[in-house]
Amino acid sequence: YPELLDWLACELVDSGWDVKHIMKTIVMSATYRQSSVTSPAKGEVDPYNQLLSRGPRFRLSAEFVRDAVLQASGSLVKRIGGPSVRPYQPPNLWREVSHFGSSPATAQVFVQDHGEHLYRRSMYTYWKRTVPPPSMVSFDAPNRETCTVQRERTNTPLQALILLNDPQFVEASRNFAERILLAEDDDDARIRFAFETALSRLPSDEELTLVRETLHQELERLRSNPNAAGAYLNYGESRRHSDLPMEEHAAWTTVASLIFNLSEMITKG
């Protein structure tokens, strides 16, 4: 589309080479913001999307998956700038490949940060090239040992295990559940709030019914086993809102995790 590229080039120059302006112009355009959902008519006329009749559909990059979950949970620290941070990571990974050293780059032991450092944007995550963060690698982030022209995008069972079991994501589900519980008083209103916050849309009637049934099943299960509820809510370093009933908070954490594991949560569509 040479005419479009010419216009964008002129817009970039006229804006004083403001890259943020040109990126905002692109992502806020009607074409870019189209849904990836297509109709039979569009599929027949433009099967390969050469006319840009629908939006692109692809899984978010590794860093964006983590940031999107933290943002929805209300945990993301939006402060810009500062040194790299070391969020949650399995213990002793560095020990397998590192030698003793005095600098962070050569250290053999990973020392996890605490407080707000656990919730900084993923671009600030400390990256050891010989042992990159496992959750990032699972979502196809390159190890940075060589130049990468284009990232691969895969869909593997390991990615689902990360979303379901990684402390960062389990804790985010707990914090999102807390946000849901404090936002509304009615279960259906809470489910709608959760969908709108995480997925930017309201649930269908069928989805509302399914999530409500899941919530009630979890409540029944956890009320008969409060120890399981306590253990589930013990992930992560952030403090739990002590005024919330434990079993109810744990049940809503399951609902939050369910929403985080929906394809559209980690897919640009």
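**Entry 1. The whole chain**

I note here that the model is a predicted one.

I then listed the secondary structure. The protein has 12 helices and two strands. Reading from the N terminus, I get the order α-α-α-β-α-α-α-α-α-α-α-α-α-β. The C-alpha trace spans about 65 × 60 × 35 Å along its principal axes. Of the 269 residues, 38% are buried.

**Entry 2. Helix α9 by itself**

I picked α9 and checked its geometry. This helix covers residues 187–199, which is 13 residues. From first C-alpha to last, α9 reaches 18 Å, close to the 18 Å expected at 1.5 Å a residue.

Next I checked both ends. Just after α9 comes S200, for which I read a positive phi of about 60°.

**Entry 3. The buried face of α9**

Which residues of α9 are buried? My list is D188, R190, I191, A194, F195, A198 and L199. I looked down the axis of α9 and found these buried residues within an arc of 160°, so they line one face of the helix.

**Entry 4. α9 against α12**

From that cover I took α12 for a separate look. Two packed helices are described by the angle between their axes and the distance between the axes. For α9 and α12, I have axes that come within 11 Å and cross at roughly 40°. The crossing of α9 past α12 is right-handed.

Which residues of α12 does α9 meet? I found E248, W252 and I259 on the α12 side. On the α9 side the residues are D187, R190, I191, A194, F195, A198 and L199. R190, I191, A194, F195, A198 and L199 also stand in my list of buried residues, and D188 is buried too.

**Entry 5. Positive phi in two loops**

I checked W17, which sits in the loop between α1 (2–14) and α2 (19–27). Its phi is near 60°, a positive value in a residue other than glycine. Is W17 buried or exposed? W17 is exposed, at a relative accessible area of 61%.

I then went to R144, in the loop between α6 (134–138) and α7 (157–165). R144 is not a glycine either, yet has a positive phi of about 70°. With a relative accessibility of 44%, R144 counts as partly exposed.

**Entry 6. D140**

The loop between α6 and α7 also holds D140. I find 18% relative accessibility for D140, which therefore counts as buried, the cut-off being under 20%.

What does D140 touch, leaving out residues up to four places away in sequence? I noted R59, R151, E152, R153, T154 and Q159. With one of these, R59, the side chain of D140 makes a polar contact of 3.1 Å.

Technical notes: Residues are numbered from 1 along each chain as its sequence is written. This is a predicted model: local features need pLDDT of at least 70, side-chain atom pairs count only at pLDDT 80 or more; totals for chains, interfaces and linings use all residues. Side-chain values use heavy atoms; hydrogens and water are left out. Helices (H or I, at least four residues) and strands (E, at least two) are DSSP runs, numbered from the N terminus. The expected span of a helix is 1.5 Å times one less than its number of residues. Buried means under 20% relative accessible area, exposed over 50%, partly exposed in between (1.4 Å probe, protein chains only). The arc is that of the directions from the helix axis to the C-beta atoms. Axes are lines fitted to C-alpha atoms, for helices over the stretch in contact, and angles run from 0 to 180 degrees between N-to-C directions. A crossing is left-handed if the near helix is turned anticlockwise from the far one by less than a right angle, and right-handed if clockwise. Contact means heavy atoms within 4.5 Å. A polar contact is a pair of N or O atoms within 3.5 Å; within protein, one must be able to donate a hydrogen and the other to accept it, and residues adjacent in sequence count only if both atoms are side-chain atoms.
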